Amino acid sequence: MEKKNKKVELLAPVGSMESLYAAVQNGAQAVYLGGKLFSARQYASNFDLEELKVAVRYAHLRGVKVYVTANILLRDDEIEEVINYIKSLYEIDIDALIIQDIGLASLVKNIFPEFEIHGSTQMTINNLQGTIFLENMGFQRVVLARELSVEEIKYINDRSNIELEAFVHGALCVCYSGQCLMSSIIGGRSGNRGRCAQPCRMPYSIVSLKDGNHVFKDYEKKYVLSPKDLNTIEKLEEIIESGIMSLKIEGRMKRPEYVATVVNKYRKALDLGSNKISEIDKREIEEIFNRGFTKGYLFGDFGDRIISLDKPNNRGICIGKVVKVDRNKIYIRLKEDVQVKDGIQLVTNKGEEVGLVLDNSARKGTILKIDKIKGVDINSLVYRTSNNLLLEKAKESFENIENIKYPIDIDVFISIGKIPVLIIRDDEHTIKVEGSRLVEKAKKVSLTEERVKNQLNKLTNEPYYIENIKIYLDENSFLPLSELNSLRRRGIELLNEKKAVFNNREKVSNTVFESRVRNCFEFEKREKVQIQNRKLSVKVSNIEQFQKLDLEKLDRIYIGFNEDLLNCVKEVSNKGKEVYIDTGKILSELELKNLEKKVKTVINYINGISVSNLGTFQFVKDKFNLNIHGDIGLNVFNSFTSRALWNMGASSISLSPELNLKQIEEICKKGNIVYETIGYGYLPTMVTKHCPMSLIKKCNNNLNCNECSFREGYGLKDRKNKIFAFIRKNKITTIYNSVPLMVLEELEEIYNSGVNIIKLDFSFEREGIETIQKAFYDYINGNLGKKEIEEITDYCKEKTGITKGHYFRGVL
């Protein structure tokens, strides 16, 4: 796979046909969009198949590639439909698929081996080993995690062959993409399924876990998880130098005018250099939409340079201040011109935002009068959130205009008594068309070269201009102008048909397709798990938790700490129990090297390593001959993913906590792999490079996180007074659900679904560990009665509250 010296690509978001026109006409070289099915932006307009055909033709004729997102986790019962959908995309010449689901990727490579696939940022690829994993699977490109720096990207680029893509502008997720469960846990709408409700844009208060009180009064009901928008237009050269060949703009949910404006400015920066971006350009980018801007983790922004603390939505720009309020009117002194149809926003003394559309214009320095709004006081700032002149300017760049023009040469032969012939040439194709009637001798008015040229030049709505034209015209020739128009139209149409096909892929016949699908859908039937083979695993995060365990009452342990590790591992091994080293969802290159050193010290006493990241999976596979357990960070949502991971070396897997029992049962019918689900634990709702405490401490970087006294003991209180504890470890913040998952009463149903192992996942618990472990182990071994089960469950309900998770509801 060759990527070096490949041309840099500007990749634009498209949520509608108008956005497509806006992106293409303003200089995007590729666009990404979603179909009506299986896209991670289910609330965007998106394209049906007929619209996709039109979109591909429109883009391809203008030299622009089209990538379709199929970047959600898929249920088993959706796989057949998605494969048929992808067959349609293959046949209409979509240039590449953007995929999150490992199972889907493996199917595409087996059924459509020529179809290019890109790894979505939802795959959480944050290290070199992750890119190697995808490269080995047959991915041509990876959209890297937004949390990487340009230095880390360069390290990856210098040691891999896969194409690298990165976001350079637009909205940021505060959580590592693909690792956010907050939306699904709170409201059943999964970000991994394209239904994110954006809980990160909600207000939270930072509180002490000891008593739930607000310990930082300035951080009550603030947007501590809401990132600013990424804006790197002044740093593009450094991003390109790091090895990024596709510069991605976020915004499939944004209006076409936003796409036009942002693409136009980034095109200018790429063509002329970032230093050619004027103050007017920067201002227009700011005015079209902003939550405040950051250069992101790409360039080391951290803390309040990342987070938009006071406002989660469009800020606009400040255009004035309230200087007077009377009984009927508000008087605003303007520091900017305003126009009719501009949208402005004022803030009341209760913090409520009130927007209105202006019905008059006014000049900078003058007083603008508007009707009184209750609660708006003197000195309140006024913001413009919609600039009508800018919107009109943006529309003019793509509505009823053709900015993309390619040169063509035309030869036309018009000889009396012969059929007229038109030949069109571009740099790749030669098209020849013949007329439908003979050229006659003129009786009154003969054709002139000028008239012929004028008719052939009517290419206003086509992406061509005539560079050279040769007209071979007999004197006194006559041909109706309609015939010339017909020749031009048919010639251009034939040229379009040639140019619209970019990929020239081998056609997959229905017979071959059906045969490949049958082979891919064949699974070895799995034997039902016998009662005596039901197992219990326990994960502990610190040595204090380990010391509270009864090592006789478990079958497998995942150890997630370093203190006295060798002795702890030996102790478990001597009991004849399985021992796994637990690893986090996010590991840097340095942490992978440290993992290698750690494993080597205990390798003779452990059975395997639990991994929650594709890069860690690849690293362990390459370095050790140990069992690999795939933890929940791998997002195993269907049996095709579990089979793919089994084929790559996984021996056991934790299924996604977003699955319900019916879906779990469907997966557990198939294959040889050992399946695990969580029976108890505070589920991690977010894994983020951002630390909420950095806002309070005014941290400029994350260099001292491991020594920070604020790294635990605090939580986020939401508007419903639920508290989500968070812990900072290895420069990563994990935010946990407000209550633990607890399904002791439902254990029989879960085991009956085909699960081999139930896991107790202890994260920050200090109490109740012995009670919970004993209850689960005794239940599994038939030593716990119904009354005792109810007592233990009631104990947990009273102590912390509990949830049944998604076992009995699932997610959208």
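**Sheets, strands and a helix pair in a predicted model**

Five strands, in the order S8-S32-S33-S34-S31, make up an open sheet with antiparallel pairing. Its edge strands are S8 (205-208) and S31 (684-688), each of which pairs on one side only. Direction ignored, neighbouring strands of this sheet are turned by 30° against each other on average. Within it, strand S33 (residues 723-729) and strand S34 (residues 732-736) pair in the antiparallel sense over 4 bridges, and Phe726 stands opposite Ile735 in S34. Two strands are said to pair if DSSP finds at least two bridges between them. Helices (H or I, at least four residues) and strands (E, at least two) are DSSP runs, numbered from the N terminus.

The model is predicted: local features need pLDDT of at least 70 and side-chain atom pairs count only at pLDDT 80 or more, whereas totals for chains, interfaces and linings use all residues. Residues are numbered from 1 along each chain as its sequence is written, and side-chain values use heavy atoms, with hydrogens and water left out.

A second open sheet has 6 strands in the order S15-S14-S17-S12-S13-S16, and the pairing is again antiparallel. Strand S15 (353-357) and strand S16 (367-371) lie at its edges, each pairing on one side only. Strand S12 (residues 317-325) is joined to strand S13 (residues 329-334) by 5 bridges in the antiparallel sense, and the bridge partner of Lys324 in S13 is Tyr331.

Strand S24 (residues 535-540) pairs with S36 in the parallel sense over 5 bridges, with Leu760 in S36 as the bridge partner of Val538. Strand S30 (residues 674-681) also runs parallel to S36 and is joined to it by 5 bridges; Thr677 has Ile758 of S36 as its bridge partner. In a regular strand the side chains alternate between the two faces of the sheet. On one side of S36 are Ile757, Lys759 and Asp761, on the other Ile758 and Leu760, and all are buried. Buried means under 20% relative accessible area, against over 50% for exposed and partly exposed in between (1.4 Å probe, protein chains only). Because 5 of the 5 residues of S36 are buried, this strand is largely enclosed by the rest of the structure.

Strand S4 (residues 96-99) is likewise covered: Ala96 and Ile98 point one way, Leu97 and Ile99 the other way, and all are buried. Strand S3 (residues 65-70) pairs with S4 in the parallel sense over 4 bridges, and Tyr67 has Ala96 in S4 as its bridge partner.

Two packed helices are described by the angle between their axes and the distance between the axes. Helix H16 (residues 565-574) and helix H17 (residues 589-602) pack at about 50°, their axes 9 Å apart. Axes are lines fitted to C-alpha atoms, for helices over the stretch in contact, and angles run from 0 to 180 degrees between N-to-C directions. H16 and H17 are therefore oblique to each other, since angles under 35 degrees count as roughly parallel, over 145 as roughly antiparallel, 65 to 115 as roughly perpendicular and the rest as oblique. Leu565, Leu566 and Val569 of H16 and Lys598, Thr601 and Val602 of H17 make the contact, where contact means heavy atoms within 4.5 Å.
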